[in-house]
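Here is a friendly briefing to read alongside the sequence and the 3D view. Please keep both at hand as you go through the points.

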Amino acid sequence: MSETFDVDAPTLNRYVMKNTKDAELVLLLNSLATSFKLIASAVGRAGVAQLYGLAGEVNSTGDDQKKLDVMSNDMMINALVNSGVCSVLVSEENEEPIVVPADKAGKFCVAFDPLDGSSNIDCNVSVGTIFSVYEKKDGSVNDLLRSGAECICAGYCCYSSATELVFTFQGGTVEGFCLDPTIGEFVHTRFNMKFPADGGKRIYSCNEGNFIHWDQPIKDAVDAFKNGIDGKPYSARYVGSMVADIHRTLLYGGIYIYPADKKSPKGKLRCLYEGIPMALIIEQAGGIASTGYFEGKIGRVAELTPDAIHCKCPIIMGGPRDVGVIYDCYKKAGIETPSL
């Protein structure tokens with residue numbers, strides 16, 4: 001019997017309690033996990049339940065909202081407001097922050113993209129949820145407009161052939177949990193996840209439709225990847241769903257590039273609930289999360305301080321082998337680069 005059924009399943013709740021001894025943090029992660037299960041169910045039944053298509057609205061950043069965007073957003077807000085441990089919420093789908101009523105408020109502030117990559121929903125491509133967590137200070141939106149260095153927890157959930165949750169605590173390891181549908185729990189399946197030490201597979205991931213808008217060092221670096229480093233050309237892999245692209249990069253290696261350019265001088269991805277949480281995960285897994293050349297210098301995404309809840313930032317994420325190629329191109333252009 002025990003060979004067929006795990007009688008001692010290493011669940012998400014157990015992991016969080018063992019490693020933090022913080023009951024409120026357990027409640028927070030449990031509420032997030034509940035919303036991920038609901039979203040996974042909705043994504044899995046989207047065709048049958050006729051959840052494809054537009055909802056007829058536009059979100060905070062001007063993107064057309066899909067039906068699943070709206071539903072996923074409601075699922076997360078309902079779970080977090082009623083968790084009893086959240087004070088302020090920020091969602092990509094809401095223009096203004098959500099202040100939790102005083103009788104339900106707690107010590108955490110959470111920013112999230114409820115369904116990243118939703119433009120891919122209708123063609124059944126992987127999508128996901130991204131979140132970052134800060135501790136409450138004064139209970140206002142300013143609690144979230146802080147440096148990524150103050151983010152205490154970050155993660156993403158990927159909805160595909162399996163539903164996988166990957167997250168980390170500030171200063172901790174990166175851990176992966178897979179939803180076991182037979183027991184309805186996230187079970188610990190990936191331990192101390194690390195970016196491949198040798199850089200992993202030779203993969204570059206970017207939207208080359210923006211090539212014409214990039215600065216010259218980024219163009220030169222991408223050309224170098226295509227033409228080959230040490231005689232070995234890289235493969236191109238770009239899903240267009242950040243969760244899927246980052247998850248592959250974390251597991252397989254390579255580099256993910258979404259730089260600032262002439263069309264989007266501040267970058268395209270949202271800093272608070274896309275850039276910072278993914279940077280925390282990549283760095284704590286041993287990778288590099290750089291802004292590229294942004295606002296006069298090259299810096300770390302994790303050190304950015306959002307000046308608005310929906311502000312944007314550029315992102316270059318990968319290992320030293322591949323980020324080094326981009327830095328070398330910046331050096332040739334006379335731009336000071338940090339050491340790897």
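## A strand and its surroundings

With a relative accessibility of 16%, I288 falls under the 20% cut-off and therefore counts as buried. Please keep in mind that this is a predicted model. I288 is found in strand β15, a strand of residues 288-294 that has six of its seven residues buried, so the rest of the structure largely encloses β15.

- Six strands form an open sheet in the order β12-β11-β13-β18-β15-β16, and their pairing is mixed.
- The edges are taken by β12 (235-236) and β16, each with a single partner strand, so one side of each has no neighbour in the sheet.
- β15 and strand β18 (residues 315-318) run antiparallel and are joined by three bridges. Within this pair, S290 has I316 of β18 as its bridge partner.
- β15 is also joined by three bridges to strand β16 (residues 297-300), and these two strands run antiparallel. Here Y293 stands opposite I298 of β16.
- The hairpin of β15 and β16 has two residues between the strands, and E295 takes a positive phi near 55° in this hairpin.
- Strand β11 (residues 203-205) pairs with β12 in the parallel sense, over two bridges. I203 has S235 as its bridge partner in β12.

**Helices α5 and α6**

- How are helix α5 (residues 242-252) and helix α6 (residues 271-284) arranged, in terms of angle and axes? They pack at an angle of about 15°, and their axes are 11 Å apart.
- An angle under 35 degrees counts as roughly parallel, and α5 and α6 are therefore roughly parallel to each other.
- The crossing in which α5 passes α6 is right-handed.
- On the α5 side, the contact is made by M242, V243, I246 and L250, while α6 brings in E274, M278, I281 and I282.
- Sorted by class, this contact of α5 with α6 has seven nonpolar residues, one charged residue and no polar ones.
- α6 also lies across β15, β16 and β18, and runs at about 20° to β18.

**Helices α4 and α7**

- Helix α4 (residues 216-227) and helix α7 (residues 320-332) have axes that come within 8 Å and cross at roughly 135°. That angle makes α4 oblique to α7.
- α4 passes α7 in a right-handed crossing.
- From α4, the residues making the contact are P217, I218, D220, A221, A224 and F225, and they meet D322, V325, I326, C329 and Y330 of α7.
- By class, the contact of α4 with α7 divides into nine nonpolar and two charged residues, with no polar ones.

- I288 and D22 are 266 residues apart along the chain, and their C-alpha atoms are separated by 29 Å.
- *M317.* This residue lies in strand β18. M317 has a relative accessible area of 0% and is buried.
- Leaving aside neighbours within four places in sequence, M317 is in contact with I246, T249, G254, I255, Y256, G275, M278, A279, I282, I288 and A289. Among these contacts of M317 are I246, M278 and I282, which also take part in the contact between α5 and α6.
- M317 and P233 are 84 residues apart along the chain, with 19 Å between their C-alpha atoms.
- *N73.* Is N73 buried or exposed? Its relative accessibility is 6%, so N73 counts as buried.
- N73 has its place in helix α3 (residues 67-81). Not counting residues up to four places away in sequence, N73 touches S91, E93, N94, F112 and P114.

Technical notes. Residues are numbered from 1 along each chain as its sequence is written. This is a predicted model: local features need pLDDT of at least 70, side-chain atom pairs count only at pLDDT 80 or more; totals for chains, interfaces and linings use all residues. Side-chain values use heavy atoms; hydrogens and water are left out. Buried means under 20% relative accessible area, exposed over 50%, partly exposed in between (1.4 Å probe, protein chains only). Helices (H or I, at least four residues) and strands (E, at least two) are DSSP runs, numbered from the N terminus. Two strands pair if DSSP finds at least two bridges between them. Axes are lines fitted to C-alpha atoms, for helices over the stretch in contact, and angles run from 0 to 180 degrees between N-to-C directions. Angles under 35 degrees count as roughly parallel, over 145 as roughly antiparallel, 65 to 115 as roughly perpendicular and the rest as oblique. A crossing is left-handed if the near helix is turned anticlockwise from the far one by less than a right angle, and right-handed if clockwise. Contact means heavy atoms within 4.5 Å. Ala, Val, Leu, Ile, Met, Phe, Trp, Tyr, Cys and Pro count as nonpolar, Asp, Glu, Lys and Arg as charged, and the others, Gly among them, as polar.
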